[in-house]
Amino acid sequence: MHFKRSTDNGNGRDSKGLNPDLWEAQNHKLELKADRGVMANPLELKKFIQIAIIVEDIEVAAREWAQILNVPVPEIRVQQTVDTTDPNLMYYGKNYKYGLKLASIMAPQGFIIELHQILDDNPSTYNEFIKEHGYGVHHLGFAVGDRRDAVVNELIDRGYQKRVEHIYPSGSWTIIDSEQSLGVNLNIKPAM
């Protein structure tokens, strides 16, 4: 998440592949007060719905998870990179595009294990995570119902930054950059 600025290598990106337009947002240092008290709109553990894991090879990971958990191998869906950005998909406040493969394993308790394999090197929350940490747990998802805006705004007021926001006809998802203090990002969703 916190990249050191490098010089532009002539292709619009620095030597680490970072788009300089996103530098300031990605270099955001979280400044949290020692004690901010309990949130007025807290996340509820009973509304935990998702653990998202970035993997290098989704076919291998999906098969291995299925064998370990003794469940069917999940369907792998492909979201190809499109030629234009999605006006409803924001990464640090700017429109962006990316491609990925996605597989979901439903747990009987009501949450999903979601596997992600990124398909390109476009700036994205996934590539940002891989560059900083390698592969692993990217975010935990929570369904907050109609409190979505209140929860997101309160987290921002607490010093966190909105990394990604995607609004679509049936809902939305918002990634809050909380790696520095929580060790993982948060995905705030109205519902699953």
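Student: What makes β1 and strand β7 (residues 136-143) a pair?

Tutor: This is a predicted model. In it, β1 and β7 are joined antiparallel by 6 bridges. Pairing asks for at least two bridges, so the two strands count as paired. One of these contacts can be named: alanine 52 has histidine 139 of β7 as its bridge partner.

Student: In which sense do β1 and β6 pair?

Tutor: In the parallel sense, over 5 bridges.

Student: Why is β1 called largely enclosed?

Tutor: Because 5 of its 7 residues are buried.

Student: How do you know the order of the strands in the sheet?

Tutor: The open sheet has 10 strands, ordered β2-β5-β6-β1-β7-β10-β9-β8-β3-β4. The pairing is mixed.

Student: What makes β2 and β4 edge strands?

Tutor: Each has a single partner strand, so one side of each has no neighbour in the sheet. β2 covers 76-79 and β4 covers 94-95. Helix α2 (residues 58-69) packs on the sheet and touches β1, β2, β5 and β6. The direction of α2 makes about 160 degrees with that of β6.

Student: What joins β3 to β8?

Tutor: 3 bridges, with the strands running antiparallel. Leucine 89 stands opposite histidine 166 in β8.

Student: Why is histidine 166 called buried?

Tutor: Its relative accessible area is 16%. Buried means under 20%, so histidine 166 qualifies. Leaving out residues up to four places away in sequence, histidine 166 touches Asp86, Asn88, Leu89, Gly171, Ser172 and Trp173.

Student: Which residues have the most contacts inside the largest nonpolar core?

Tutor: Tyr96, Tyr98, Tyr126, Val164 and Trp173, in a core of 15 residues. β3, β5, α3 and β9 each give two or more residues to this core. The largest share, 3 residues, comes from α3. Apart from this core lies another, of 10 residues, including Val151 and Leu186.

Student: Which contacts does tyrosine 98 make beyond its neighbours within four places in sequence?

Tutor: Among them are Leu89, Ile118, Tyr126 and Trp173. Gln79, Asp120 and Ser124 are also in contact with tyrosine 98.

Student: Why is the contact of aspartate 149 with arginine 148 called a salt bridge?

Tutor: The closest N and O atoms are 2.4 Å apart. The cut-off is within 4 Å, so the pair qualifies. The structure holds 9 salt bridges.

Student: Are aspartate 149 and arginine 148 buried or partly exposed?

Tutor: Aspartate 149 has a relative accessible area of 46%, so it is partly exposed. Arginine 148 has 11%, so it is buried.

Student: What makes aspartate 177 and arginine 163 a salt bridge?

Tutor: Their side chains meet at 3.4 Å, N to O. That lies within 4 Å, so the pair passes. Aspartate 177 is in strand β9 and arginine 163 in strand β8, 14 residues apart. Both residues are buried.

Student: Which residues are linked in a network of salt bridges?

Tutor: Glu128, Arg163, Asp177 and Glu179.

Methods. Residues are numbered from 1 along each chain as its sequence is written. This is a predicted model: local features need pLDDT of at least 70, side-chain atom pairs count only at pLDDT 80 or more; totals for chains, interfaces and linings use all residues. Side-chain values use heavy atoms; hydrogens and water are left out. Helices (H or I, at least four residues) and strands (E, at least two) are DSSP runs, numbered from the N terminus. Contact means heavy atoms within 4.5 Å. Axes are lines fitted to C-alpha atoms, for helices over the stretch in contact, and angles run from 0 to 180 degrees between N-to-C directions. Buried means under 20% relative accessible area, exposed over 50%, partly exposed in between (1.4 Å probe, protein chains only). A nonpolar core is a set of buried Ala, Val, Leu, Ile, Met, Phe, Trp, Tyr and Cys residues joined through side-chain atoms within 4.5 Å.
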